Amino acid sequence: MSLLDLFRRQPPSAPAARERLQILMAHERAGVRGPDYLPKLHKDLLRVCKKYMQISDDKVSVRVEELGNVSMLEVNIELPGGGAYAR
Amino acid sequence: MSKIIVMTSGKGGVGKTTSAASFAAGLALRGHKTVVVDFDVGLRNLDLVMGCERRVVFDFINVINGDARLKQALIRDKRVENLWILPTSQTRDKNALTKPGVERVLGALRQEFDFIICDSPAGIEKGALMALYFSDEAVIVTNPEISSVRDSDRILGVLASRSRRAELEMEPVKEHLLLTRYDLNRVETGEMLTVDDVMEILAIPLLGVVPESQSVLRASNLGSPVILDSASQPGQAYADAVGRFLGDSLEHRFLTAERRGIFQRLLRRSA
């Protein structure tokens, strides 16, 4: 440890904790409270996507969002390799 | 009309038993006949925290199995009037808790007591499910720490789906947040989730905030609920929480660190 480190303050960690929790909670609540077929739908979607591209399991997310009295199914598929539909 | 209140959290070590002991003592101090029941079968500790470990002869499981009468298992607190303890078994496992058995004992307690506090074990398995199943209200004991908050959210989901009130489609279990081990200094330096952070994430009403303090360990060392140490901040915080539970409108205290000058700081440190 250098002398400088004694004076350098690390950035506070609580905001990171809050952000991680918020993201996680949104995910878990959707997972726990969504319809039963959600995991199966997720699996099927993954299988279809993998027919056309090389994609890892965590790049396809399926969740249910409640907006007032409407339930929305949100499917996010992140294409591999970056922008301009790179492969 | 008697009420069954569960102290639950999902996560272990956040202060359920400490809170159950103090909450029960607080309700009794306010004149309500109260019993606190240990649901942590196999790992009983409520008796220790309440300081009655040497007076346990029969327990909750003996009563469920018909080996003892309820009156034989109930221990009357020696310090606080109106306060009783129903210890659990140290040798059996959680399968000793059967739904009809628990229902029968809680039903009998309802005849005698205004408040029945159920001290839940950690986890979301049988013991914890039994502790929360018959509850009318739930106090979710949470630390300002990510794994505790996440587990609290889980247990809220369980309350909303697997409690008796949920199964019978009755009015849902009323939820209260009790934030414990709140370390003001770490909150001020941005190293700990704030009350507002936790409330925003869990979105249930706040019953109280209990500051981190040495007096909690001291109280458990002595086998005396910390609420009886009325000079301590946790003691006052629990008394406030009980007051709010009974409908008093009290401002939350101990949410900001007291400003201390350098001399006070030095004095405090050397003291």
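This is a predicted model: local features need pLDDT of at least 70, side-chain atom pairs count only at pLDDT 80 or more; totals for chains, interfaces and linings use all residues.
Biologist: Where do I start? How many helices and strands are there in chain B?

Modeller: Chain B has 13 helices and 8 strands. Its radius of gyration is 18 Å, close to the 18 Å that the globule rule gives for 271 residues, so chain B is as compact as a globular protein of that length. Its C-alpha atoms fill a box of roughly 65 × 40 × 35 Å along the principal axes.

Biologist: What share of the 271 residues in chain B is buried?

Modeller: Buried residues make up 53%. Look at contacts too. Among those in chain B with a separation of 6 or more, 73% are between residues 24 or more positions apart.

Biologist: Now one helix. What should the 13 residues of helix α12 of chain B span?

Modeller: Count 1.5 Å a residue. That gives 18 Å for residues 233-245, and the end C-alpha atoms are 18 Å apart, which agrees.

Biologist: Is α12(B) mostly covered or mostly open?

Modeller: Mostly covered: 10 of its 13 residues are buried. Among them are B:Pro234, B:Ala237, B:Tyr238 and B:Phe245.

Biologist: What should I look for at the start of α12(B), and what follows the helix?

Modeller: At the start, a side-chain oxygen of B:Ser232 comes to within 3.0 Å of the backbone nitrogen of B:Gly235. After the helix comes B:Gly247, with a positive phi near 105°.

Biologist: What does the salt bridge of B:Asp136 and B:Arg110 tie together?

Modeller: Begin with the distance: their closest N and O atoms are 3.1 Å apart. B:Asp136 lies in the loop between α6 and β6 and B:Arg110 in helix α5, so the pair ties together parts that are 26 residues apart in sequence. B:Asp136 is buried, at 10%. B:Arg110 is partly exposed, at 25%.

Biologist: How many salt bridges are there over all chains?

Modeller: The search finds 15. One of them joins B:Arg79 and B:Asp77, at 2.7 Å. B:Arg79 is partly exposed, at 40% relative accessibility, whereas B:Asp77 is buried, at 6%.

Methods. Residues are numbered from 1 along each chain as its sequence is written. Chains are lettered from A and ligands numbered from 1 in the order in which they are written. Side-chain values use heavy atoms; hydrogens and water are left out. Helices (H or I, at least four residues) and strands (E, at least two) are DSSP runs, numbered from the N terminus. The expected span of a helix is 1.5 Å times one less than its number of residues. Buried means under 20% relative accessible area, exposed over 50%, partly exposed in between (1.4 Å probe, protein chains only). A polar contact is a pair of N or O atoms within 3.5 Å; within protein, one must be able to donate a hydrogen and the other to accept it, and residues adjacent in sequence count only if both atoms are side-chain atoms. The radius of gyration is taken over C-alpha atoms; the globule rule is 2.2 Å times the number of residues to the power 0.38. Contact means heavy atoms within 4.5 Å. A salt bridge is a side-chain nitrogen of Lys or Arg within 4 Å of a carboxyl oxygen of Asp or Glu.
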